[in-house]
Amino acid sequence: MSRTALRICPLCEATCGLTLTIEGTRVTKARGDRDDVFSKGFICPKGASFGAADGDPDRLRTPLVREDGELREATWDEAFDAVAAGLRPVVEEHGPHAVGVVLGNPNVHTMAGALYPPVLLAGLRTHSLFTASTVDQMPKHVSSGLLYGDAVAIPVPDLDRTDHLLLLGANPLESNGSLCTAPDFPGKLKALKARGGTLTVVDPRRTRTAKLADRHVAIRPGTDALLLAAMAYVLFEERLVDLGELAPHVQGVDELADAVRDFTPEAASRSCDVPADVIRELARELAATPTAAVYGRIGSCTVPHGTLASWLVDVLNILTGNLDRPGGALFPLSATDKAPRPAGPGRGFALGRWHSRVSGHPEAKGELPLSALAEEIDTATGEGSPVRALIAVATNPVLSAPDGDRLDKALGSLDFMVSVDPYLNETSRHAHVVLPPPPPSQAPHFDFAFNTFAVHNQVRYTRAAVPLEPGRMAETEILARLVLAATGMHGTDPAAVDTLVIDQTLGKAVTDPHASVHGRDPGELAAALTGDSGPERRLDMMLRLGPYGDGFGARPDGLTLAKVLAHPHGIDLGPLGPRLPQPLKTRSGKVELLPEPIAGDLPRLREALRERSEGLVLIGRRHLRSNNSWLHNVPALTGGTNRCTLHIHPEDAERLGLTDGAPVRVRGAGGAVTAPVEVTDGIRRGVVSLPHGWGHDRPGTRMSHAALDPGVNVNQLLDGSLLDPLSGNAVLNGVPVELTRTS
C-alpha cells in the first residue's frame with residue numbers, strides 16, 4: 001500500500017517542494033509539489049532521484065569505531081564513549097585550538113547542520129574552524145560584511161521583476177543558483193526574456209545558461225574584477241552614475257571614482273580579453289535599463305581577486321541605483337531572521353581577528369582557509385599546538401580542498417578524528433569514529449540558511465516523511481550528543497542542548513527593549529513553545545521572535561510553528577521589498593562603498609592590468625545531476641554528460657595533438673592527473689575545464705558505484721598556495737596548467 005508525503009528537497013540550494021511516493025518505508029518516486037508556494041511543481045533530475053539517493057545501499061546504518069586499526073560496527077553508546085575519550089584529552093592537554101572543526105556543504109542542507117554546529121563551536125572555543133565556504137563563497141560574505149556591516153546581508157537579484165540581468169561566473173541552468181535561492185531558475189530566465197528583458201552572461205564556457213543569453217561574453221578566467229572595475233569607470237566617465245533613492249544611505253562615491261580611474265576599458269581589455277567597446281556597452285546598458293541586477297557566483301569568487309569581484313558586483317548595483325529596489329538586487333527577509341531593529345550604526349565587520357598558526361592567514365567570518373587545514377595538522381612550527389584532533393561534519397575535503405594527497409596523509413596522522421557522514425568516503429575513512437545520520441526521508445527539514453537568500457519571502461517546514469528506522473539515531477540527536485562529548489558533558493541528556501539554547505535566547509530577548517517579548521518571563525515563554533522535539537521547539541521560538549512572528553501572543557496573526565504546520569505547502573510572505581537602511585550594521589550606519597580593506601587590495605588589481613598569461617588555464621564546471629562529491633554514488637545521477645572529462649577547444653586540441661576521448665596528462669602546481677579529452681567549441685581558446693568532486697579511487701571507502709567510474713580529483717592540480725588574500729578563499733579557476741599527450 002503506497003502513500004504520499006511532502007518533503008523539501010535537500011539536494012541543492014533551490015529548495016524545491018517534493019511529493020514523495022512511499023511504499024512501506026521506501027521512497028519509490030519523487031515529483032514536484034505543484035501546490036508548493038515557492039517552487040510550484042518545478043523539479044530537477046536531482047530531486048527526481050531523491051528516492052535513489054535516500055535508499056542508497058552504501059549508506060552506513062550503524063556507527064563505526066576504530067579498533068586495532070580497523071573500523072568495526074559499534075553501538076551508539078560505544079561510539080560516543082569513544083568520541084569523549086578521544087577529544088577531551090586533546091583539549092585538556094593542548095588547548096581548544098588543537099581541535100579542528102570542518103563543516104561541509106551538506107550542513108546547510110539539513111536542519112541539524114544549521115542548529116548544532118554553532119553550539120559546538122561556542123562550547124569548544126576553538127579558532128581552528130574550516131568550512132566549505134573558503135572553497136566557494138567566502139568572498140561574497142567578506143564583501144557584504146565590508147559594504148553593509150553584516151557578512152550574511154547578501155542582496156539577491158529580483159528575478160521575477162528585473163528588466164536586465166548580468167550574470168558572471170554563474171550557470172544556474174545547471175547549478176539551480178547559489179546564494180540566490182530560486183526554484184526554476186531556468187524558467188525565471190526564460191520569463192525575463194519573454195517580457196522583453198535582457199540576459200547577459202559572462203563566462204569562459206558557452207554553458208546552457210550562456211546559450212540562453214542575449215549576449216555571451218567569453219571572458220578570460222580570473223579577470224572578472226577587471227571587467228567590473230572598467231564598467232564602474234565608464235559609469236563615472238560618462239556621468240551615468242545615478243544612486244537615486246540610495247543616495248542618503250551611501251558614503252564614499254567620490255573616493256570610489258578616484259579609486260577606479262586607472263581601470264579604463266582599454267586597459268582592462270588587454271587582460272580580460274573583452275573588447276573595450278563591449279565593456280562600454282555593458283556599462284551603458286546597465287545604466288539605461290529601467291531596472292537591472294548584476295549577479296556573480298562561484299566563477300567570480302574562486303579567483304585571485306574574488307572579494308574585489310564580489311564587491312564590484314554590488315558597486316555596479318549601487319552606482320546604477322538598482323540596490324534595494326524592485327527589479328534590482330534586494331535583501332531577503334527570512335521568517336527566522338532576527339526581527340528588524342531600528343536603523344542606526346552597528347559594530348561593523350572585522351577581518352583578521354586571529355590568524356592561522358603556520359602561514360598567518362587572517363580569519364574571515366570566524367573561519368580559516370580550508371586550503372590551510374593540511375599544514376595546520378602536519379606542520380609543527382608556529383605558535384601553539386598543531387591540530388591534533390578533528391571533528392568533520394558532512395565534509396569531504398580530501399576531494400574538495402586543494403592538494404588532497406597532502407591532506408589525505410595529514411588526516412592519517414591525527415590523534416583522533418570523528419566524522420559525521422552517511423558514507424565511508426575519501427575523508428571519513430580516516431576517522432576513529434564515524435557517526436552516520438539517517439537518510440533525508442527520515443529527517444525533518446527547514447531551510448534556515450537558504451531562506452536568507454531566497455528571491456521570494458516564504459516559509460515552509462516538512463516533518464520526516466518516514467519514521468526513524470530502528471537502530472538509527474536522528475541527526476539532531478547525533479550532533480547534540482557530539483556537542484556534549486566534545487565539551488566535557490558526555491552522558492548528559494542530549495535534550496539539554498536544546499534547552500540551553502532556548503533558555504539563553506529567551507533570556508537575552510526579554511532584556512532587549514526592541515524585542516516583542518521585552519520584560520516578560522523567559523520561563524513562561526519557554527513553556528509556551530510547541531513542537532514534538534527540541535529542534536521543533538527551537539524552530540517555534542525562532543519563528544515567534546522573527547520578523548513575521550506572533551511575538552508570543554503580541555501579534556496574534558503572526559507566525560508560529562503550529563501555523564506553519566497547518567500550511568504543508570508553505571506560506572507566501574510576499575515579494576522582496578526595499579529594506580534600507582535597516583539591514584546596515586556598519587559603524588557609520590551607511591553603505592561604506594570603499595572600505596579600507598578593499599582600498600588596500602586595489603593596487604594588486606591594478607598590477608593585474610599588466611598581466612596576461614598566454615598558456616592554458618583551468619576552470620571547473622558543474623553538472624545538472626551532480627552536487628560536489630555527494631551524488632556520484634547514485635546510478636541515476638551519473639553517466640551521460642555527467643562525466644569527468646577535460647573540455648578543450650578544437651584549436652587547442654589540434655595544436656597539442658589531442659583527440660576526442662584520448663587520455664591527457666594535466667599538470668598543475670599541486671600535481672598531475674590523467675583524464676579523457678572532450679573536444680568542444682563550448683569553451684574558449686586557451687581554457688580547459690575539469691569538473692569538481694571526482695576522484696573516488698582511494699582504498700578503504702564504501703562507495704561502490706562511484707568507484708566504478710571514479711574520475712580524477714581536479715583539486716589535486718592545486719597546491720593550496722593561491723588564495724584571495726581578503727577572504728582566504730582558494731583560487732580554483734584561472735590557474736595555469738600544462739597538458740601532455742599520453743600514449
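At what angle do helix α3 and helix α19 pack, and how far apart are their axes? In this predicted model, α3 (residues 76-94) and α19 (residues 475-486) pack at an angle of about 35°, with axes 8 Å apart.

**Helix packing**

- Two packed helices are described by the angle between their axes and the distance between the axes.
- The crossing of α3 past α19 is right-handed.
- On the α3 side, the contact is made by Trp76, Phe80, Val83, Ala84, Leu87 and Arg88.
- On the α19 side, Ile478, Arg481, Leu482, Ala485 and Ala486 make the contact.

**Arginines over aromatic rings**

- Arg481 of α19 and Phe80 of α3 both belong to the helix contact. Arg481 lies over the face of Phe80, at 6.0 Å from the ring centre.
- Arg538 sits over the face of Tyr116. Here the distance to the ring centre is 5.1 Å.

**Aromatic pairs**

- A pair of aromatic rings is described by the distance of the centres and the angle of the planes.
- The model has four aromatic pairs. One of them is Tyr148 with Phe331, an edge-to-face pair with 5.2 Å centre to centre and 90° between the planes.
- Tyr148 lies in helix α6 (residues 138-148), and Phe331 lies in the loop between β14 (329-330) and α16 (373-378). The pair therefore ties together parts that are 183 residues apart in sequence.
- Tyr148 counts as buried because its relative accessibility is 0%, under the 20% cut-off. Phe331 is buried too, at 3%.
- Phe446 and Phe448 form a tilted pair. The ring centres are 4.8 Å apart and the planes are at 55°.
- Phe446 is buried, with a relative accessible area of 2%. Phe448 is also buried, at 10% relative accessibility.

**Around Ser178**

- Ser178 is found in the loop between α7 (172-175) and α8 (185-194).
- With a relative accessible area of 12%, Ser178 is buried.
- Which residues does Ser178 touch, not counting those up to four places away in sequence? They are Glu13, Tyr295 and Arg297.
- The side chains of Ser178 and Glu13 are joined by a polar contact of 2.9 Å.
- A polar contact of 2.9 Å also joins the side chains of Ser178 and Arg297.

How values were computed:
Residues are numbered from 1 along each chain as its sequence is written. This is a predicted model: local features need pLDDT of at least 70, side-chain atom pairs count only at pLDDT 80 or more; totals for chains, interfaces and linings use all residues. Side-chain values use heavy atoms; hydrogens and water are left out. Rings of Phe, Tyr and Trp (its six-membered ring) pair if their centres lie within 6.5 Å; planes under 30 degrees apart count as stacked, over 60 as edge-to-face and the rest as tilted. Helices (H or I, at least four residues) and strands (E, at least two) are DSSP runs, numbered from the N terminus. Buried means under 20% relative accessible area, exposed over 50%, partly exposed in between (1.4 Å probe, protein chains only). A charge sits over a ring if NZ of Lys or CZ of Arg is within 6 Å of the ring centre and within 35 degrees of the ring normal. A polar contact is a pair of N or O atoms within 3.5 Å; within protein, one must be able to donate a hydrogen and the other to accept it, and residues adjacent in sequence count only if both atoms are side-chain atoms. Contact means heavy atoms within 4.5 Å. Axes are lines fitted to C-alpha atoms, for helices over the stretch in contact, and angles run from 0 to 180 degrees between N-to-C directions. A crossing is left-handed if the near helix is turned anticlockwise from the far one by less than a right angle, and right-handed if clockwise.
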